[in-house]
Amino acid sequence: MAAGSQEELLLPLFPLPNLVFFPKTRLPLHIFEPRYLQMISDILSRDSRVGLVLLKSGWEQDYYGNPPIHSFGTIGQIEQAAKLEDGRFNLLVHGTTRYRILEVISEDPYRTARVSVEPERAVEPMEAYAQREWLAELSKRYIEFMPGRMEVPELETVGLDSLTNALIMSLDIDLEEKQRFLEVDSVVARAEGVGNELQRRIEDLQFLSKYRRGDPERN
């Protein structure tokens with residue numbers, strides 16, 4: 001590998017039809033298709049790493065083949081794996097870092113690609129702290145408008161990257177927009193984007209709340 005180039009590796013790919021997976025988050029998975037059962041068995045015998053990636057729109061027409069996928073995804077480290085009596089797996093996967101697909105090497109029995117590891121740009125500690133405080137405060141304000149709202153103590157302790165990425169995954173944002181967030185290589189820029197989205201939602205909810213007061217049907 002040339003000096004200064006990104007780390008490259010071979011990575012088995014697990015496509016996701018309706019979720020964009022981010023670094024510094026965790027995801028439970030239930031694996032049942034034969035090709036992916038084989039993949040998980042192979043992965044667990046090696047380094048327990050898998051590349052999660054979003055399927056492109058229109059995947060329904062060829063799901064059991066190899067429908068098109070996005071070029072950026074997140075490397076997942078399998079933290080827990082429970083094999084069921086019928087051979088299926090329940091997994092807990094931790095997102096470690098982003099990757100970019102350079103070349104698909106094989107597609108049978110599952111896709112394997114040569115990928116480039118794409119870590120995010122370094123952030124100055126004070127900049128990360130200020131951005132985290134702003135985003136945590138917006139999150140608290142947004143939660144106040146949610147029915148059956150509850151305390152989220154993690155808002156006080158998680159870092160900027162974990163908070164930003166978990167928010168993007170949990171909010172009802174268009175999948176393609178979430179994918180664009182993933183492809184941004186600066187967590188500060190990503191936090192700015194999701195923070196602005198939260199701010200817009202809070203302003204809309206504050207406006208609507210004026211018309212809901214005193215209306216028991218709309219509380």
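The model is predicted, so local features need pLDDT of at least 70 and side-chain atom pairs count only at pLDDT 80 or more, while totals for chains, interfaces and linings use all residues. Residues are numbered from 1 along each chain as its sequence is written, and side-chain values use heavy atoms, with hydrogens and water left out.

Start with the rings. The structure holds one aromatic pair. Rings of Phe, Tyr and Trp (its six-membered ring) pair if their centres lie within 6.5 Å; planes under 30 degrees apart are stacked, over 60 edge-to-face, and the rest tilted. Phe14 sits in strand E1 (residues 8–16) and Tyr36 in helix H1, 22 residues apart, and the pair links these distant parts of the chain. Helices (H or I, at least four residues) and strands (E, at least two) are DSSP runs, numbered from the N terminus. Phe14 and Tyr36 are both buried. Buried means under 20% relative accessible area, exposed over 50%, and partly exposed in between (1.4 Å probe, protein chains only).

Phe14 also lines the largest cavity. A search of the whole structure finds one cavity of 30 Å³ or more. The largest holds about 40 Å³ of space. On a 1 Å grid over the protein atoms alone, a cavity is a set of points where a 1.4 Å probe fits but cannot get out; lining residues have an atom within 4 Å of a point. Grid points are joined across faces, edges and corners, and the volume is the space filled by probe spheres set on the points. Other lining residues include Leu29, Ile31, Met39 and Val50. E2, H1, strand E3 (49–54) and strand E5 (89–106) each give two or more residues to this lining. The lining has 10 nonpolar residues, no polar and no charged. Here Ala, Val, Leu, Ile, Met, Phe, Trp, Tyr, Cys and Pro count as nonpolar, Asp, Glu, Lys and Arg as charged, and the others, Gly among them, as polar.

Next, the charged side chains. The whole structure has 14 salt bridges, each a side-chain nitrogen of Lys or Arg within 4 Å of a carboxyl oxygen of Asp or Glu. In one of them, Glu120 pairs with Arg190, with the closest N and O atoms 2.6 Å apart. Glu120 lies in the loop between strand E6 (112–117) and helix H2 (125–143) and Arg190 in helix H5 (residues 187–212), so the pair ties together parts 70 residues apart in sequence. Glu120 is partly exposed at 24% relative accessible area, whereas Arg190 is buried at 0%.

Helix H5 also carries Arg201. Asp172 forms a salt bridge with Arg201, the closest N and O atoms being 2.5 Å apart. Asp172 lies in the loop between H3 and helix H4 (175–183) and Arg201 in helix H5, so this bridge ties together parts 29 residues apart in sequence. Asp172 is exposed at 65% relative accessibility; Arg201 is buried at 15%. Glu197 meets Arg201 too, in a salt bridge of 2.7 Å, N to O. These two lie four residues apart in helix H5, about one turn of the helix. Salt bridges that share partners join Asp172, Glu197, Arg200 and Arg201 into one network.

Helix H3 (residues 160–170) is mostly covered, with eight of its 11 residues buried.

How values were computed. 1 Å grid on protein atoms, 1.4 Å probe; cavity = no way out; pocket = protein on both sides within 12 Å on 5 of 7 lines; lining within 4 Å.
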